[in-house]
Amino acid sequence: MEVIEVKHPLCSAKLTELRDNSTSSVRFRQLSEELIYLLAYEATRNIQVVNKSVVTPITTTVGVEIKKPVPLVLPILRAGLGLLDGMLKIMPQAEVGFLGAIRNEKTLEVTTYAQRMPENLSDRHIFILDPMLATGATLLKAVETVSKLKAERITSICLLAAPEGIEHLRKNISPEIDFTVVIAGIDEKLNEKGYIVPGLGDAGDRLFGRAD
Ligand code: URA
């Protein structure tokens with residue numbers, strides 16, 4: 001497992017604004033989209049391409065295009081949806097699957113309630129989108145799900161992580177799985193309720209409202 005913390009002043013400034021309790025949902029969604037551009041640039045650095053010839057106004061040359069089967073982007077419902085549009089702007093060729101996961105706020109146990117993705121993911125690079133890597137239980141479930149479907153390579157893009165969540169993934173994801181996490185920031189700790197500290201609160205609520 002590889003962990004990449006993208007240390008860039010633009011990421012840090014956007015993250016600071018996201019953390020701010022007074023940032024509106026409208027601005028929070030804008031910032032999440034801007035951040036995903038920067039993180040996706042890093043996360044897609046090693047996607048597979050094949051040569052493709054192109055006729056320019058001057059001559060013919062060889063460039064590249066994304067190899068097929070194209071990458072699959074997998075937002076974790078619901079907060080991962082806040083990162084989807086930006087990801088698709090950067091990589092419009094990708095296909096999109098969905099995984100619904102919910103955390104029991106008392107036991108912190110995670111269950112999945114919806115799944116839409118191809119039954120066979122062999123030869124595919126999967127990009128899991130989940131803004132908050134807190135206990136690591138949701139991401140572990142997602143990685144296990146796509147590994148069982150034979151995903152070749154898995155990259156997760158998160159806005160914030162807690163060290164406990166990263167440790168949980170390191171302990172539980174087999175080193176044979178080609179797995180990378182790209183994060184804008186690694187915070188101090190988890191609190192007793194499983195929230196990242198200092199964090200930014202509940203990412204789903206801040207993106208979309210409480211909706212209950
Ligand atoms: N999920 C969130 O949205 N925020 C946290 O801090 C932890 C999990």
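Which helix holds Glu-33? Glu-33 belongs to helix H2, residues 25–43. Helices here are DSSP runs (H or I, at least four residues), numbered from the N terminus.

This is a predicted model, in which local features need pLDDT of at least 70, side-chain atom pairs count only at pLDDT 80 or more, and totals for chains, interfaces and linings use all residues. Residues are numbered from 1 along each chain as its sequence is written, and side-chain values use heavy atoms, with hydrogens and water left out.

**View 1. Glu-33 and its partner.** Glu-33 is buried, at 19% relative accessible area (buried means under 20%, with a 1.4 Å probe and protein chains only). The Glu-33 side chain makes a polar contact with the Lys-89 side chain, at 2.7 Å. A polar contact is a pair of N or O atoms within 3.5 Å; within protein, one must be able to donate a hydrogen and the other to accept it, and residues adjacent in sequence count only if both atoms are side-chain atoms.

**View 2. The shell around the ligand.**

**View 3. Backbone atoms facing the ligand.** A backbone N or O atom of Ile-196 lies 2.8 Å from a ligand oxygen. Gly-201 places a polar backbone atom 2.8 Å from a ligand nitrogen. For Ala-203, a polar backbone atom is 2.7 Å from a ligand oxygen. Alone, the ligand exposes 240 Å², and the protein buries 89% of that (Shrake-Rupley method, 1.4 Å probe).

Conventions
Helices (H or I, at least four residues) and strands (E, at least two) are DSSP runs, numbered from the N terminus. Buried means under 20% relative accessible area, exposed over 50%, partly exposed in between (1.4 Å probe, protein chains only).
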